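Colleague: I'd like to learn how to read helix packing and cavities. Could you walk me through an example?

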Amino acid sequence: MDLDPHEKNSCSLPDDWLPKCFKVATKNDTHLTGFVSNEEELQEVLESHSRAFSTTFAKWCGDKNKKARANRKRRLLWKSEDFPGNIPIIINNRSIYTCQYGKKYTKSKESLDPGKKKRNRRSIKVDCPAKLAVRHITRYDTFKVTEKVSRIDKETTMSLLDEHITKGDVSGCPTIHMKLPLPGAHENHNVSMKNEFVRNVHPAVRIQFEESMAQPRVKTPLIPYFIGVDCGTGSVRAALVSSNGIVVNTDVEPITVWNPKEDYYEQSSEEIWKACCKVIKAVCAGVSTDEIHGVGFDATCSLVVLDADFQPVSVAESGENEKNIIMWMDHRAKTQTDLINKTKHSVLSFVGGTMSVEMQPPKLLWLKENLSEERWKKAAHFFDLSDFLTWKASGSLTRSLCTLVCKWTFQADRENKLNWDDSFWNEIGLAELTEDNHSKIGSLVQLPGQLIGEGLTKESAEAIGLKEGTAVATSLIDAHAGGVGMLGADVTDNELPCEKQPITQRLALILGTSSCHMAVSEGPLLVPGVWGPYYSAMVPGLWLNEGGQSITGKLIDHMIETHPAHQELIKMAETKGKSIYNCMVDLLGKIVKENALKDAAYLTNDIHIWPDHHGNRSPLADPSLKGMISGLGLGTSLQNLAVLYIATIQALAFGTKHILETMSAAKHSINTLFACGGLSKNPLFLQIHADVMGMPIALPQEKESVLIGSAILGACAAGYYENMQDAMETMSHVGGVVRPNKKLSEYYKKKYQVFRSMVGHQLEYRKIMNS
């Protein structure tokens, strides 16, 4: 029977027909549009669509002339259906599928001879107008512009992108756009939302069809999902990630940072947990809890203090209980750090040779020496922030081997001998932390990615909207999660030197407020400023190591915000509808053209910067070092700011080169860099690092590598992958490569020589002044 017109025009959908891999963009009475990530997901959607409406589609128009298309000049676009107008794309292939159903009819024809009867014409098939469209598209997110940008700026950006594509030094993110017809799009045949078709078919065929439809349907298995949660310096983020590493949904919630005075930074653990609950609920909206199998957490290395009842204990001099976290970047414990380093205890060899003020023992000693006796005795539990989050989720006091080794001096070796060295705590005056089997700092320890406790408790499950017992993974430090989200990626067909080579030749750069450098080695990498080597279950038989630079992103912002031309730059950005960083690139291009230079790098021939304004984490491990600038003039113009901007990025790249050289001296060879984090979205930052290091930089297909790393933890805790290495290879993918400009190598060798000399000068000046 025919559909009622009101039913035919309805855009309501049958239950459970649309796979979760399909990201809906628009929906109306006749069509549904959206995206999938790969061919496997495309076929899943096509099959589900066919089953839901009992319709069959066949390819009518496809990429028939592949040779002609290959020779055709690529066409970069700004605007296309369901794509915003500020991200450039290329449509690589387009296919149109037509409905196979139609209706035959006969039409009588009047005879011109009055004496003759009417005769019927032969049956004519009337086509159904419903069409299903599939477009394979590559998008270039790194060349994104603001929505209000001018046409001229768009043309400039597009020309730059076209040049990079021609050189082969940029890769885009592939995606597939689909336009699916709903019953309202069909005509000339009967289709209903109830999967009923009326066609003239043989009775025997009809009986078979009806019997088949009466059989229970086997639902297409859905891809399992995992949640990654990242607690950063100023926000909590979460992502819903599929088992093949596709980010389905993300959300972010800001958190408060109190800065009562210089070098003091504090937060609230209760506020952070509420933010975690909020973002997890947001990313899981509309997804069945049966499909979510695991949760992984990572966080900054901040210190959380709780009492015996697990209530907050204030770390603030002012005494507010909500302020119960000393943040990772808090440097209040400088005196305590010096005292600990003077002991020259053997455990220091596993934290870069000297204790950093950003680690937990100096902070704990500061608390003992500066809190009231009552408050210090009240403190019964000390957590790294990521371990606090897994406790809130699971109720288990189990700590991560990652956090304890890297920030607390816990010991681990190839035989999996795990232990605290009580002589260290006794020597620095914190013997009470060894009491009751180290209950205050952790007596239960697990490798990252293992199931912690019995999964989500009833209370936490209700708070975050998931099922009780959902797997919770032992956590990671945020930088380590970034390493897990990138280092194991399959690099096939990207022409990288690390292809088919040991993973030890890769280095992950996690680029944010500070920069962390993650690498694995065949043995403990006991070199200055490289923290926390520990035997790793992530890559069996290898050791995971972390180095880094303090306040990387913050330094760039500081250099811009303290310059006299800062306000002028902001006005320019508002006028052009661009970010201040894109405006800086424009300014550099203008200066290069005016001075007939081959590259913007040469603008800093006389400007040299030592970037340790907040001390050196690696490889010198000296928090007392300061920043230096050589070559300043009286300039206050925007052009002067642009030159300082590129000089700052070069200095940070030289800092990374210094770390790599130190690792190389310890016989650790690196040939490929992997980058993620906020600064990895800055093309100039990446290009300078590639040029200075003389190495390619691989970029992840999914930009949120830290969240991918946390989701990998959840997948392993749920038992979906046999081990962390399998999960890394499956859930992390290369999305682009930045290749070095070899022509700048000699120039950067000279500048690096100046860079290394500057720290020697600073130490010499200090020696003179202290003599």
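**Helices side by side, and the gaps between**

Modeller: Let's start with a pair: α16 and α19 pack with their axes 10 Å apart, at an angle of about 160°. Keep in mind that this is a predicted model.

Colleague: Okay, how are α16 and α19 oriented to each other, roughly parallel or roughly antiparallel?

Modeller: An angle over 145° counts as roughly antiparallel, so α16 and α19 are roughly antiparallel to each other. There's a handedness too: α16 passes α19 in a right-handed crossing.

Colleague: Which residues of α16 and α19 meet?

Modeller: From α16 you have Thr-552, Leu-555, Ile-556, Met-559 and Ile-560, and they meet Leu-641, Tyr-645, Thr-648, Ile-649 and Leu-652 in α19. Sorted by class, that contact of α16 with α19 has 8 nonpolar residues, 2 polar ones and no charged ones.

Colleague: And where do the axes of α16 and α18 come, how close and at what angle?

Modeller: Helix α16 covers residues 552-561 and helix α18 covers residues 580-594; their axes come within 13 Å and cross at roughly 65°. That makes α16 roughly perpendicular to α18. Here α16 passes α18 in a left-handed crossing.

Colleague: What makes the contact between α16 and α18?

Modeller: On the α16 side it's Ile-556, Asp-557 and Ile-560, and on the α18 side Ile-580, Tyr-581 and Met-584. By class, the contact of α16 with α18 has 5 nonpolar residues, no polar ones and 1 charged. Notice that Ile-556 and Ile-560 also turn up in the contact with α19.

Colleague: Now for the cavities. How many cavities of 30 Å³ or more are there?

Modeller: The count comes to 8. The largest cavity holds about 120 Å³ of space. It is lined by 15 residues, and Gln-549, Pro-611, Asp-612, Asn-616 and Gly-655 lie nearest its centre.

Colleague: Which helix gives the most to the lining of the largest cavity?

Modeller: Helix α19, residues 638-665, with 3 residues. The lining of the largest cavity splits into 5 nonpolar, 8 polar and 2 charged residues.

Colleague: What about the second largest cavity?

Modeller: About 90 Å³ of space lies in that one. Of the 15 residues lining the second largest cavity, Ser-356, Val-357, Asn-616, Arg-617 and Pro-623 are the closest to its centre. Its lining has 5 nonpolar, 7 polar and 3 charged residues.

Methods
Residues are numbered from 1 along each chain as its sequence is written. This is a predicted model: local features need pLDDT of at least 70, side-chain atom pairs count only at pLDDT 80 or more; totals for chains, interfaces and linings use all residues. Side-chain values use heavy atoms; hydrogens and water are left out. Axes are lines fitted to C-alpha atoms, for helices over the stretch in contact, and angles run from 0 to 180 degrees between N-to-C directions. Helices (H or I, at least four residues) and strands (E, at least two) are DSSP runs, numbered from the N terminus. Angles under 35 degrees count as roughly parallel, over 145 as roughly antiparallel, 65 to 115 as roughly perpendicular and the rest as oblique. A crossing is left-handed if the near helix is turned anticlockwise from the far one by less than a right angle, and right-handed if clockwise. Contact means heavy atoms within 4.5 Å. Ala, Val, Leu, Ile, Met, Phe, Trp, Tyr, Cys and Pro count as nonpolar, Asp, Glu, Lys and Arg as charged, and the others, Gly among them, as polar. On a 1 Å grid over the protein atoms alone, a cavity is a set of points where a 1.4 Å probe fits but cannot get out, and a pocket is an open set with protein on both sides within 12 Å along at least five of seven lines; lining residues have an atom within 4 Å of a point. Grid points are joined across faces, edges and corners, and a volume is the space filled by probe spheres set on the points.
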